[in-house]
Amino acid sequence: MVSFLSHLNPTPGFPSYTGPYKVGTADVEIPAAELPSPSPTPDPSLTTVSFRIFYPCEPVKSSKPVYWLPDPQHEYLGAYTRFLGASRRLSGFLRNLPFFRILSYTTIPAIRNATILQAPTKNKRWPVMVFSHGLGGTKNAYSHLLGSISSHGVVVIATDHRDGSAPLSCIREKPGASPRYVEYHSIPHRHSPEVERARDDQLRIRLWELGMIHEALLKIDRGEPLLNTLAETTTMNDLATFKSTLDVHTPGSIAWSGHSFGAATVVQFLKSVFYHPSSSSSSSQHAPPSTYKPLFQPSSSSQIAHQITPASPLTLLDLWAMPLLSTATQYLHDLPLPCYSQPSSASTPIPGPKSLLVILSEAFYKWNTNLANTKRAISTDPSSYPRTQIPPPSPQPSTPTATGGGPYIFYPLASAHLSQSDFGVLFPYLTRKAFKAAEPLRTLRLNTRAALEVLRRCGWDVADTSDVDMEDGSAAGV
């Protein structure tokens with residue numbers, strides 16, 4: 001019946017989340033001046049950091065709708081048409097066509113600024129995941145995946161990057177102020193010195209934003225007053241509900257995830273923090289060469305320097321590896337992910353990190369060059385493979401066992417790059433015809449199922465996977 005009714009409604013939409021908890025959401029933008037910067041600011045024009053929070057919440061009878069397309073909607077509609085190749089003049093016409101205008105009515109099945117639910121975990125705090133979007137993404141563009149994970153008992157932070165990778169992003173320094181716009185920066189996908197420098201500049205901003213968001217989460221949990229320039233009223237403290245509810249203080253307690261360029265971002269972020277010059281992990285390595293130009297340099301006293309550990313869960317969706325191949329950061333690329341680190345006193349190597357999950361679309365699995373670079377990036381020793389050599393699948397893609405193991409590497413059949421985001425659900429016909437992607441909603445459910453299972457094997461206290469996502473226990477198509 002739901003499928004039949006969806007054909008009668010021309011407005012693209014999302015089904016309800018499948019977990020046992022209702023999902024609340026809050027739109028947050030905090031002045032950078034209110035947060036301690038863990039590393040030098042890469043761009044003084046970036047005066048705020050922005051993100052959306054998905055979280056388990058108290059149920060309510062009714063609430064204001066949460067629109068998928070951010071405000072100002074007409075500007076975002078024009079930006080999406082320009083991202084798809086339209087000129088500025090043509091985009092002004094296209095954004096008024098019904099095909100695009102209907103996106104203005106699409107809503108996220110979450111409750112705006114709801115009261116967070118009391119966590120049933122042993123420490124009475126919700127586990128936290130931070131997510132980084134890819135090219136063309138926004139803090140809303142992965143709402144169904146992130147909301148589905150949240151509905152199983154995780155607070156998920158969706159970053160809004162201002163590096164020119166989103167079709168459009170806004171900077172609001174004061175509540176009610178007119179926004180400043182950061183527009184999409186078109187950079188070629190081919191590898192060249194100029195492209196390397198441009199992607200490095202973007203990563204420099206992205207890593208700083210992740211560090212600042214981490215500082216914001218610490219302050220939010222401590223109940224320290226912060227100005228949210230996106231609060232519905234100037235007197236409303238919509239962040240107070242999160243006081244003493246987030247498990248963000250224990251080292252290794254935060255999970256990190258991203259899609260495409262976002263996956264490359266969290267890889268670079270974890271390595272940059274774990275191997276920062278004053279860390280014990282860095283001291284065990286050879287000194288970096290003079291050609292190494294770090295993109296993020298947290299101070300030894302910064303809180304993030306103590307958060308990233310080998311136990312930090314990491315989920316990579318369609319890792320786009322090219323941004324990791326910059327000559328300036330080759331030293332970092334040649335080091336293994338933190339999850340492979342082990343005490344020097346260990347007598348035998350660790351069998352494989354149970355905290356690392358890699359999910360590819362079928363399209364990315366068949367992209368041989370990127371697959372080779374992905375294998376290299378998640379291997380125990382990336383430096384052992386020359387960049388022109390395709391490494392073997394080391395460590396081997398594994399089937400999860402009762403005792404854990406890993407890393408875990410999967411790809412859903414008949415899935416495309418867009419299948420990891422909301423776009424496959426919103427435009428199933430187009431993605432099926434253009435990218436041969438079948439069942440986009442099922443792809444996201446499989447991704448949710450895999451992510452939750454890896455978190456459980458890391459000791460996280462999350463709800464059981466729903467019957468809908470389990471598909472009666474069948475793993476067909478994975």
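Predicted model: local features only at pLDDT ≥ 70, side-chain atom pairs only at ≥ 80, totals over all residues.

A: Residues are numbered from 1 along each chain as its sequence is written, and side-chain values use heavy atoms, with hydrogens and water left out.

Buried residues make up 55% of the 478 residues in the protein chain, where buried means under 20% relative accessible area, exposed means over 50%, and partly exposed is in between (1.4 Å probe, protein chains only). The chain holds 16 helices and 13 strands, these being DSSP runs numbered from the N terminus (helices H or I, at least four residues; strands E, at least two). Among its contacts with a separation of 6 or more, 78% are between residues 24 or more positions apart, a contact being heavy atoms within 4.5 Å.

The largest nonpolar core has 77 residues, of which I30, W256, F269 and L316 touch the most other members. Helix α6 (residues 193-222) supplies the largest share of this core, 13 residues. Apart from this core lies another, of 46 residues, including Y76, C170, A255 and L357. Both are nonpolar cores in the sense of buried Ala, Val, Leu, Ile, Met, Phe, Trp, Tyr and Cys residues joined through side-chain atoms within 4.5 Å. With neighbours within four places in sequence left aside, the contacts of L316 are G258, A263, V266, V267, L356, L357, V358, I359 and I378.

Helix α7 (residues 261-274) has 14 residues and spans 20 Å from its first C-alpha to its last, close to the 20 Å expected at 1.5 Å a residue; the expected span is 1.5 Å times one less than the number of residues. Because 14 of the 14 residues of α7 are buried, this helix is largely enclosed by the rest of the structure. In the loop between β10 (254-259) and α7 lies S260, whose phi is near 60°, a positive value in a residue other than glycine. With a relative accessibility of 6%, S260 counts as buried.

The whole structure contains 14 salt bridges, each being a side-chain nitrogen of Lys or Arg within 4 Å of a carboxyl oxygen of Asp or Glu. In one of them the side chains of D221 and R125 meet at 2.7 Å, N to O. Since D221 is in helix α6 and R125 in the loop between β5 (111-112) and β6 (128-132), this pair ties together parts that are 96 residues apart in sequence. D221 is buried at 3% relative accessibility, whereas R125 is partly exposed, with a relative accessible area of 23%. Another salt bridge joins the side chains of D163 and R206, again at 2.7 Å, N to O. D163 lies in the loop between β7 (155-160) and β8 (168-171) and R206 in helix α6, so the pair ties together parts that are 43 residues apart in sequence. D163 and R206 are both buried.

Helix α2 (residues 73-83) is another element with residues in the interior, for Q73, Y76, L77, G78, A79, Y80 and T81 are buried there. These buried residues pack against β3 (66-67), α3 (88-94), α4 (98-101), β8 and α13 (423-426). In the loop between β3 and α2 lies P72, which is joined to D71 by a cis peptide bond with omega of about -5°. Just after α2, G85 takes a positive phi of about 115°.

S104, in the loop between α4 and β4 (107-108), is in contact with Q73 and L77, as well as with Y67 and L69, when neighbours within four places in sequence are left aside. S104 has a relative accessibility of 6% and therefore counts as buried. The C-alpha atoms of S104 and P70 are 8.8 Å apart in space, although the two residues are 34 apart in sequence.
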